[in-house]
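The following exercises are to be worked with the sequence and the model at hand. Each task is followed by a solution in steps.

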Amino acid sequence: MKNKQAIYLLFAANSISGFAQGISMIAIPWYFANMLGMASLFGYIYLGATFVSLFWGLYAGSLIDKFNRKNIFLINSIVGFIVLSTVSIIGHSSIDGLHYLYAAMVFVITFFIFNIHYPNLYAFAQEISAPKDYGKVTSYIEVQGQITTAMAGAGAAILLTGTSQGTMRFFGFEIPVNFEITAWSLQQIFTVNASAYLLAIFIISFIRYESVSKRIPDLSPVLKRIVSGVTYLKDNVYVLIFGLASYTIFITILLNIFYLMPIYIRNHLHADADVYASFEIFTALGSVIAGLAITKIFRRTTTVRAIIMMCGMTVLIYTIWIFNVNITLFFILTALLGLSNAGTRVMRMTYLFNNVPNDLIGRVGSVFNVFSVFMRMIFLFFLSSVFFQESNNIVYAIALFAAFVFIGMSTLIFFRKNLELITIKNKNKIEV
């Protein structure tokens, strides 16, 4: 594999910063929903951040196709380090601890970092990988990313709840231990996050690579760069349809992680922070399985058909969630949901790598991201209502997710033949 060392260093930096980021992004929603009792406020904060990212996502895509992608990773980590270390110092120096507005600020800035980080990660991976390695590289990205997420979930489960009377709640169960851990404050968690960013900066600085994909950076004005990405999709309408329809699972997963699950676990499952953190762990475990084995599981079918099947499994999972109150079954279904989401992402990115030029991949991806942001805004507008936080009404939100994924699945079924024909015409038949 070409640029093997660069890819490994990229994955290492991504894993280190992603571990600490993951702990923070689990801790902040739980902090608002269950420690402050401000789930509705956090919903509006998330909605506001999502609205701003509607424009930021388009601009980020144009930056990815204009500038050196290694430097974008470096700047991301520098910004994250400055913000997290500053907020951490403020929290440690305050007698009353960290004000919730600082926690909200960290969430929003990390959210914006995510919005450029992952599109840039995939664009960079395409740039330094040979076409024959696309499937392998997208699988590696998924595996390392999800192992990091699982570790972050495990860390969050311990740090958010600590130990009590010789026991520690982990994976939803009480485990006897011979040590005591006091639940960490947000500023302590942010200190770890800042340190991880600093280490990521050090690793990224050692990345050396040779571009494989031919890319001429687009130095035209921002608006023209954005329009060129939209124009490409207008001229390749089936790529647009595929990208939009295959995003439905991912959209619901993000809403689950950042907003819905703290409420669902508290009001429907009547469980605590360790179950919420374990949700991340089991989602990640399912995703790791997908990254390692998804191409073998669906080796006898096409990418589009495989995604259709995973959408169908997701609809079934959400339907069972509406009625299930058993935590063990919840974890099993969560792992399967992680497999569906990650498996779909691996196949979607391989499909896009084979059908979208590298000098346009950032802008094309930003269009799909705008769709994701727009749909999350619509969901959040309704889900932030007090109605969904009362009694067991959160199950109606799960029902909406099931219907949304079903629409995406139906779209893929309707256009399946044309979607599969595109890759054949490009002489890059995807084998999964």
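**Exercise 1.** Determine whether Phe242 is buried or exposed, and locate Phe242 in the secondary structure.

*Solution.* The model is a predicted one. Step 1: the relative accessible area of Phe242 is 0%. Step 2: the limit for a buried residue is under 20%, so Phe242 is buried. Step 3: Phe242 belongs to helix H8, which spans residues 237-245. Step 4: in space, the C-alpha atom of Phe242 is 9.9 Å from that of Asn418, although 176 residues separate the two in sequence.

**Exercise 2.** Classify Phe206 by its relative accessible area and state where Phe206 lies.

*Solution.* Step 1: Phe206 is found in the loop between helix H6 (186-204) and helix H7 (222-235). Step 2: the relative accessible area of Phe206 is 49%. Step 3: exposed residues must be over 50% and buried ones under 20%, therefore Phe206 is partly exposed. Step 4: Phe206 and Gln5 are 201 residues apart along the chain, with 9.9 Å between their C-alpha atoms.

**Exercise 3.** How many salt bridges does the structure hold, and which side chain meets Glu127 in one of them?

*Solution.* Step 1: the structure contains 3 salt bridges. Step 2: in one of them, the side chain of Glu127 meets that of Arg69, at 3.0 Å from N to O. Step 3: this pair connects distant parts of the chain, 58 residues apart, with Glu127 in helix H4 (residues 100-127) and Arg69 in helix H3 (residues 69-93). Step 4: both Glu127 and Arg69 are buried.

**Exercise 4.** Describe how H11 and H14 pack, giving angle, distance, relative direction and handedness.

*Solution.* Step 2: angles over 145 degrees count as roughly antiparallel, so H11 is roughly antiparallel to H14. Step 3: the crossing of the two helices, H11 and H14, is left-handed.

**Exercise 5.** Which residues form the nonpolar patch on the surface, and which helix gives the largest share?

*Solution.* Step 1: the patch consists of Leu316, Ile320, Leu329, Ile332 and Leu336, which together have about 390 Å² of accessible area. Step 2: at least two residues of the patch come from each of H11 and helix H12 (327-355). Step 3: H12 provides the largest share, 3 residues. Step 4: Ile332 is in helix H12 and, at 48% relative accessibility, is classed as partly exposed.

Conventions. Residues are numbered from 1 along each chain as its sequence is written. This is a predicted model: local features need pLDDT of at least 70, side-chain atom pairs count only at pLDDT 80 or more; totals for chains, interfaces and linings use all residues. Side-chain values use heavy atoms; hydrogens and water are left out. A salt bridge is a side-chain nitrogen of Lys or Arg within 4 Å of a carboxyl oxygen of Asp or Glu. Helices (H or I, at least four residues) and strands (E, at least two) are DSSP runs, numbered from the N terminus. Buried means under 20% relative accessible area, exposed over 50%, partly exposed in between (1.4 Å probe, protein chains only). Patches are made of residues with over 30% relative accessible area and no salt bridge: like charges are joined within 9 Å, nonpolar side chains (Val, Leu, Ile, Met, Phe, Trp, Tyr) within 5 Å. Accessible areas come from the Shrake-Rupley method with a 1.4 Å probe; for residues, only the protein chains shown count as cover. Axes are lines fitted to C-alpha atoms, for helices over the stretch in contact, and angles run from 0 to 180 degrees between N-to-C directions. Angles under 35 degrees count as roughly parallel, over 145 as roughly antiparallel, 65 to 115 as roughly perpendicular and the rest as oblique. A crossing is left-handed if the near helix is turned anticlockwise from the far one by less than a right angle, and right-handed if clockwise.
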